[in-house]
Amino acid sequence: MDSHVLRRTGSELSSQFIGARIETVYRPSSSVFVFKISKPALRPYLILQSGKENACLLPSLKKMDNPASPDAPTMRLRKYLCGRKINGIWLDWAENSLFMGLAPRKPHNLENFSVNPPLPEEGGLFVRLCLKSGPRLCGALPAEAEDLAGETKPHWEIAEALASLSWQKGDLAKPWENFPYLTPLLRKTLILQEDEGEQMALLADLESGEGDIFAYPAGNAGLLPVFSAWPLPDALRPKNGPERIFASALEALEESAWEAVVPLTAAPTKKRINLNL
């Protein structure tokens, strides 16, 4: 899932999840965690599927199977997340992750809890929902995390970002890394566009964090559709069906991603997950 789609997803979730509580957490398979969110969330199940393929964050009305015996990583998440109220949602562009902030609980509930970096004195806590490696508990946000519930969006250096794409194969420096919103999918799109006016218009549109979501069926059965926050050039579209346009990221994910996630929910393995940074 491209970070621009994750940004739209997090922005929509912030209006529903902030003020709600995490009721429970369960793990239908080794790569899937489900967070059940209380009202006022309109989609009470937040499904995180991590890994190299089919990684996504899927808000859903549908409930996935809850294993009868939770494993150790699930029990640890339940211990420190359940009953906490969500007080913010942030995006980490570089790690393709969302952070949910959890309101403090009484100090005795945090005894013997160790994370790196350490928790602030008031007992604040964050859970990082990483599409690469799954959920992690942490006590602080990355310095450049974007507040998706904030009234203002960070300013993008559009001209400088476009200039960074002049990198030539063989150069050791990769200047686009200074602009984390230049995701791999966006870089490929901008290079194919060639016209500078079109490039600047696309970046200005994405900077706002608003707009439609475009879905393209995957080339192979069982794979997640390709989601994009802009219409993809023909060269980047899977050759397996028409483009679909959604006004909401949540609707796009729920309608198009469910079938690619559910078939992968076999019994959990004993794979260990590091919940600390």
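**Cysteines.** I looked first for disulfides, taking a disulfide as a pair of cysteine sulfur atoms within 2.5 Å, and the count by this rule came to 0. The model is a predicted one, in which I read local features only at pLDDT of at least 70 and side-chain atom pairs only at pLDDT 80 or more, while totals for chains, interfaces and linings use all residues. I number residues from 1 along each chain as its sequence is written, and side-chain values rest on heavy atoms, with hydrogens and water left out. I then looked up accessibility, where buried means under 20% relative accessible area, exposed over 50% and partly exposed in between, with a 1.4 Å probe and protein chains only. Cys56 counts as buried because its relative accessibility is 0%, and Cys138 counts as buried because its relative accessibility is 0% as well.

For secondary structure I used DSSP runs numbered from the N terminus, with helices as H or I of at least four residues and strands as E of at least two. Strand E4 (residues 56-60) is mostly covered, with 5 of its 5 residues buried. Cys56, Leu58 and Ser60 point one way from E4, whereas Leu57 and Pro59 point the other way, and all are buried. Two strands pair here if DSSP finds at least two bridges between them; strand E3 (residues 45-49) and E4 pair in the antiparallel sense over 5 bridges, and Leu48 stands opposite Leu57 in E4. The two strands E3 and E4 form a hairpin with 6 residues between them, and Gly51 in the turn has a positive phi of about 130 degrees.

**The open sheet.** I traced an open sheet of 5 strands in the order E8-E7-E6-E5-E9, with antiparallel pairing. Its edge strands are strand E8 (134-138) and E9, each of which pairs on one side only. Strands E5 and E6 run antiparallel and are joined by 6 bridges, and the bridge partner of Ile86 in E6 is Leu102. Strand E7 (residues 125-130) pairs with E8 in the antiparallel sense over 5 bridges, and a hairpin joins E7 to E8 through 3 residues. Val127 has Leu137 as its bridge partner in E8, and E8 is mostly covered, with 4 of its 5 residues buried.

**Aromatic rings.** Rings of Phe, Tyr and Trp (its six-membered ring) pair if their centres lie within 6.5 Å, and planes under 30 degrees apart count as stacked, over 60 as edge-to-face and the rest as tilted. I found 5 aromatic pairs in the structure. Trp93 and Trp156 form an edge-to-face pair, at 6.0 Å centre to centre with 75 degrees between the planes. Trp93 lies in the loop between strand E5 (86-92) and strand E6 (97-102) and Trp156 in the loop between strand E9 (146-147) and helix H3 (158-163), so the pair ties together parts that are 63 residues apart in sequence. Both Trp93 and Trp156 are buried, and ring pairs link Trp93, Trp156, Phe179 and Tyr181 into a cluster.

**Cavity.** I searched a 1 Å grid over the protein atoms alone, a cavity being a set of points where a 1.4 Å probe fits but cannot get out, and lining residues having an atom within 4 Å of a point. Grid points are joined across faces, edges and corners, and a volume is the space filled by probe spheres set on the points. The count came to 1 cavity of 30 Å³ or more, and about 40 Å³ of space lies in the largest cavity. The largest cavity is lined by 10 residues, of which Arg27, Pro67, Ser69, Pro70 and Asp71 lie nearest its centre. Strand E1 (22-29) and helix H2 (72-81) are the elements that give two or more residues to this lining.

Key:
1 Å grid on protein atoms, 1.4 Å probe; cavity = no way out; pocket = protein on both sides within 12 Å on 5 of 7 lines; lining within 4 Å.
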